[in-house]
Amino acid sequence: MNVILTKSYEESAQKGAELILNALSQNPALLLGLATGETPVGIYRRICDAYRDGNADFSRASSVNLDEYVGCRAEDSYRRFMDDNLFSNINLPSENITIADHTADPITEVNRLRKFFERRTVDLQLLGIGPNGHIGFNEPDDELEPHVHITPLTKSTMDANAHWFADGVVPERAITMGMGDILRARTILLVVKGESKRAVLRELLNGGKVTTRNPSTFLLLHPDVTLITEESLTV
Ligand code: GLP
């Protein structure tokens, strides 16, 4: 694992955006795996700025999102988050965007996304991490799922994400890429932001063991992972 330690989140976001924009310039038909949450917001802002300034072209690129809530309101959906923070501000063709439809039958959506991953390989997967070590919505458990699936959310995840919901009520289920879908990405960029991630980050950096109790540790099995985080979170 290639670890980049920074002085601030802003520096992490800058480095993360640079890595994504470099990958795009080397492969204009890049398939980007995208994440939601606070962590990627600064990265997406810089990517939008690069597009606005004529320094990035997404016309041949595609994207697939890690996860989406089941049955949430449009304004609380990850689709809306992505539209607001990225898609509305860059020239990624709408037909090249893949994300679970929060209004559709979840089983139909799981099947649609499983077919997508049978055909396509993510070139660069951007990941954040949950305070309990989840990636996407692959929650700590005795077993982890390899493929796209519907998952119940843990109380800790619902609490951590409640601030995104106007009424504070978080859906109890989500659709997420599975661990195998994530680990098949050619390159993975994990960005860790926030004090609440300190313990799971320590396990990932210092433990050296893979455990379903901290799904992020499965990234230790991947040959091309870059982790960007503030140095202060690692001491
Ligand atoms: C959610 C998402 C994850 C994300 C995590 C961290 O649970 N499903 O993909 O990594 O939040 O969020 P934040 O970046 O807001 O800490």
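Biologist: Which residues does isoleucine 228 touch, not counting residues up to four places away in sequence?

Modeller: This is a predicted model, in which local features need pLDDT of at least 70, side-chain atom pairs count only at pLDDT 80 or more, and totals for chains, interfaces and linings use all residues. Residues are numbered from 1 along each chain as its sequence is written, and side-chain values use heavy atoms, with hydrogens and water left out. Contact means heavy atoms within 4.5 Å. By that rule, and without residues up to four places away in sequence, isoleucine 228 touches Ile4, Thr6, Ser12, Lys15, Gly16, Leu19, Leu189, Leu190, Val191 and Val192.

Biologist: Is isoleucine 228 buried or exposed?

Modeller: Isoleucine 228 has its place in strand S10; helices (H or I, at least four residues) and strands (E, at least two) are DSSP runs, numbered from the N terminus. Buried means under 20% relative accessible area, exposed over 50%, and partly exposed in between (1.4 Å probe, protein chains only). With a relative accessibility of 0%, isoleucine 228 counts as buried.

Biologist: At what angle do helix H2 and helix H3 pack, and how is that arrangement named?

Modeller: Helix H2 covers residues 41-52 and helix H3 residues 78-85, and their axes lie 10 Å apart at an angle of about 40 degrees. Axes are lines fitted to C-alpha atoms, for helices over the stretch in contact, and angles run from 0 to 180 degrees between N-to-C directions. Angles under 35 degrees count as roughly parallel, over 145 as roughly antiparallel, 65 to 115 as roughly perpendicular and the rest as oblique. H2 and H3 are therefore oblique to each other.

Biologist: Which residues make that contact, and how many of them are nonpolar?

Modeller: H2 contributes Val41, Tyr44 and Cys48, while H3 contributes Phe81, Met82 and Asn85. Ala, Val, Leu, Ile, Met, Phe, Trp, Tyr, Cys and Pro count as nonpolar, Asp, Glu, Lys and Arg as charged, and the others, Gly among them, as polar. The contact of H2 with H3 has no charged residues, one polar residue and, for the class asked about, five nonpolar residues.

Biologist: Why do the buried residues of H3 line one face of the helix?

Modeller: Tyr78, Phe81 and Met82 are the buried residues of H3. Their arc, taken from the directions from the helix axis to the C-beta atoms, can be judged by looking down the axis of H3. The buried residues line one face because they fall within an arc of 95 degrees.

Biologist: What is the relative accessibility of threonine 98, and with which residues is it in contact?

Modeller: Threonine 98 is found in strand S5. It counts as buried, because its relative accessibility is 10%. Leaving aside neighbours within four places in sequence, threonine 98 is in contact with Ser63, Val64, Asn65, Arg112, Leu113 and Phe116.

Biologist: How far apart in space are glycine 133 and threonine 217?

Modeller: Glycine 133 lies in the loop between strand S6 (124-127) and S7, and it counts as buried at 0% relative accessibility. Its contacts, leaving aside neighbours within four places in sequence, are Val200, Asn214, Pro215 and Ser216. Glycine 133 and threonine 217 are 84 residues apart in sequence, and their C-alpha to C-alpha separation in space is 8.0 Å.

Biologist: Which residues does arginine 46 touch, not counting residues up to four places away in sequence?

Modeller: Arginine 46 lies in helix H2 and is buried, with a relative accessible area of 17%. Not counting residues up to four places away in sequence, arginine 46 touches Glu10, Ala13, Gln14 and Ala17.
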